[in-house]
Amino acid sequence: MKSLAGTGGLIRLILRRDRVVLPLWIVLLVAISVSYVQEYGDLFPTPESRVKYAGNAGFITLYGELSGPSLGEFVTWRLGFVPVMIGLISLLTVIRHTRVEEESGRRELLGATVVGRHAQLAAALTTVLGANLVLAVLLALGMHSQDLPLSGSVAIGLVYAGTGWFFAAVGAVAAQLTASAGTARGIAIGVLGGAYVLRAAGDTSAHTDGPLAWLSYVSPIGWAQRIHPYAQNRWWLAVVLLAVTVLLVAVAVSLAVRRDVGAGILADRLGPADGTLGSPLGLAWRLHRGLLAAWTVGFALLGLLFGGVAEGVGDMMRDDPGIQEMFQRLGGAAGLIDSFLAGVMTLVGLIASAYAVQATLRMRVEESSGRVEPVLATATSRWQWAASHLVFSLLGPAVALLAAGVAEGLAYGVAIGDVGGQLPRLIGAALAQLPAVWVLAAIAVAIIGFFPQASMASWAGPTVCILIGLVSAGVSTADWIRDISPFTHLPSLPGGSVSAGPFLVLLAIALLVGVAGLVGLRRRDLPA
Amino acid sequence: MPAAISTEGLVKSFGRTYALDGLDLAVRTGEVHGFLGPNGAGKTTTIRILLGMTRADEGTARVLDGDPWSDATELHRRLAYVPGDVTLWPNLSGGEAIDLLGRMRGGVDKKRKAELLERFDLDPRKKARAYSKGNRQKVALVAAFASDVELLLLDEPTSGLDPLMEEVFREVVQEISDREGRTVLLSSHILSEVEALCDRVTIIRAGRAVESGTLNELRHLTRTSIQAELVGPMDGLAQLNGVHDLQVDDGRVRFDVDTDEINPVLRRLTEIGVRSLVSQPPSLEELFLRLYEPEAVK
């Protein structure tokens, strides 16, 4: 057990470093999940309404099939996205405390103390697996406190924890493969995305009696879902997830002994001896292209999904004369679908603002890593350097939003047989989000310009806007709070009326704040 | 010819700590100027001010007859910089980084680059993440030496190099200084390197220059320590110029003497009559240690 020496100390180090984030995501995800019981119990009081709501093709693609009409089953179904988030957080946390430590060189420093070969991996996995267990227990207690049966509440805890365990182990394997944390993240997130797509394709196929239903059974997300809490409570599937997790951990350990500290199993390829890059913009393209490609693909998938769901919303309405009548009174059938699409666009815009902030913060990453020094010691001015990054934080989200608009327009247009009409409408609606996205990017520029040490505060922008968006969608919220978010001031598109005013005001704010930030950046010490 | 670098009374504070506290520095065109001082003395801060990355709170700085803050971009076409801690883009190869930095400065001399890669024994195809500290430093050195510039600012450029590469570095610096007449500001802790390369040196401590001059001039600042057993009474020793810390103990004396006052002192000693004598010559190390110590500040 010498190879595990020091694991306890490393676990304490991880808990110390993640003392805010770790409890935060556990409590937040449990709280959201538990709150759904009351909320969706009120919204859909009868089994019939639940089955109808869950029965459309779009929702089945997103969340899978409903196992039964009881409130517990319905809430579990509607919470189908949470295990995916837990999987994502788990794999990122494991990589953060293994490969990132190695890449940064901190692992070497620790490795020279009394720390065993496998201690780092063991500590990261113990922490993440333990966190998932805590989450499962809290969730079971929370669900049970909402008068749901205890056995089913334990089972949904296992759905969450089982997914978290599996993807923590995926993260552990990915961390052994490459020397780069970024590539390890890419591999692990790719596995997660693949598992989700398999599940979505399988469930969609099953719904239409297609031949691909088996796809869900090769996806770990599909296994977790088929535990079917509050219905069959298939405990054995949780055991399968745990067993595969153990297997993956064993694979990670056996890979770890086959490599050196700092190296990966996959060797780094050699690069060119001569470069073609010769300008700040060329360098920025190299630094941003991976991020841009990933977000663009993600946004296109998001657009496809939402475009598909929109058709489902239409289905639901046609099936139910009551609802149809109600929405016709409210502004016609088109009004309902448009308001759904507009809500979706706001969500897409909010996510795009996270990309904008991430891209803007790359500037600060270049600075704090010291890589900016040799660049600024050449004939590159600070303006040119900042502009080369801002091209990507401003136009990157535009490209991603365009992809979302095109995909959504195509998916929805094909579904209702009106591509020519829907495509331009939805592209316009997607791009209309840009002024608000740019305001948040500009705020990030200003923070980097004036308070470089507090750059991470830039994330407050998207976070606050997303919170305002989520809260005000469910509960009536004071206008002044809603007005904080630039997204509140955008017209509701598609369908809403458009005037130039809000766009111009938001663009002016973005320009002012952004230019002020650049002036701050020019005047301060850099690096600082 | 104007000085390549001149600063007067540079002051820079970070919060309550003063990184620079009235620094004067003069580097003549064409010389290799050693820039020495203990860790945290303000060497890197000075270089960053000279590069226009950091703005001085007070004082003036001129680089190649321009203002390093407002004329940064134009000046940077004429100078190259090697940071002490070289970080590179992990997924760019060394060759790509060299060409990128060279082009952004105004152009790369392909032949010169190939020659330097060969001499520094650097594989330019490896990704930066696979390079050791020394190899990352070589990337920055090749990028700097391969560009046609008048001034090189080198911040502890050899701290990660092996002795063989350190030798190559010395050769290259000598070449660009002797043959091409370029100016070099070399911050270093390696005294043999400074001794071999530098025409003049400036030693800074706590943000001020404590000494500046050629190495020979600085040597004269050191004192030789002498222990002697004398036959006669030691009259008049204490009155001689350049004698410090005189201790007399039963026919034995110990004292330090300024190196340029050593002759009259020795003459006086032989007049008294010497039974035995031990003298310790000044070493560069002692000089620096003495100047690095806090009480050396004048």
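In chain B, helix α1 lies across β1, β2 and β4 and runs at about 65 degrees to β2(B); contact here means heavy atoms within 4.5 Å, and axes are lines fitted to C-alpha atoms, for helices over the stretch in contact, with angles from 0 to 180 degrees between N-to-C directions. Helices (H or I, at least four residues) and strands (E, at least two) are DSSP runs, numbered from the N terminus. Please keep in mind that this is a predicted model, where local features need pLDDT of at least 70, side-chain atom pairs count only at pLDDT 80 or more, and totals for chains, interfaces and linings use all residues. Residues are numbered from 1 along each chain as its sequence is written, chains are lettered from A and ligands numbered from 1 in the order in which they are written, and side-chain values use heavy atoms, leaving out hydrogens and water.

**The three-stranded sheet of chain B**

- This open sheet has the order β2-β1-β4, with antiparallel pairing; two strands pair if DSSP finds at least two bridges between them.
- β2 and β4 of chain B are the edge strands, each with a single partner, so one side of each has no neighbour in the sheet.
- On average, neighbouring strands here are turned by 25 degrees against each other, direction ignored.
- Eight bridges link β1(B) with β2 (residues 17–27); Leu10(B) is partnered with Leu23(B), and Ser13(B) stands opposite Tyr18(B).
- The hairpin of β1(B) and β2(B) has two residues between the strands, and Gly15(B) in the turn has a positive phi of about 65 degrees.
- On the other pairing, five bridges join β1 (residues 5–14) to β4 (residues 58–63) of chain B, with Arg62(B) as the bridge partner of Ser6(B).

**The six-stranded sheet of chain B**

- A second open sheet runs in the order β5-β6-β7-β3-β8-β9, with mixed pairing.
- Its edges are β5 (79–82) and β9 (208–214) of chain B, each with a single partner strand, so one side of each is left without a neighbour in the sheet.
- Neighbouring strands of this sheet are turned by 15 degrees against each other on average, direction ignored.
- Helix α1 (residues 43–50) of chain B packs on this sheet too, touching β3, β5, β6, β7 and β8, and its direction makes about 150 degrees with that of β6(B).
- β5(B) and β6(B) run parallel and share four bridges, including the pair Val82(B) and Leu154(B).
- Helix α5 (residues 133–145) of chain B lies across β5 and β6, at about 170 degrees to β5(B).

**Nonpolar cores**

- A nonpolar core is a set of buried Ala, Val, Leu, Ile, Met, Phe, Trp, Tyr and Cys residues joined through side-chain atoms within 4.5 Å, where buried means under 20% relative accessible area (1.4 Å probe, protein chains only).
- The largest core has 95 residues, and Phe120(B), Phe145(B), Leu153(B) and Phe169(B) touch the most other members.
- Helix α5(B) gives the largest share of this core, seven residues.
- Another core, of 66 residues, lies apart from it and includes Leu192(A) and Tyr230(A).

**Chain A**

- Among the buried residues of α11(A) are Leu192(A), Tyr196(A), Arg199(A) and Asp203(A).
- Just after α11(A), Asp209(A) takes a positive phi of about 55 degrees.
- Arg524(A) is buried, with a relative accessible area of 11%, and its contacts include Glu367(A), Met53(B) and Trp69(B).

Definitions and conventions. Buried < 20%, exposed > 50% of the residue type's maximum accessible area, 1.4 Å probe, protein only. Lists of a residue's contacts leave out its neighbours within four places in sequence.
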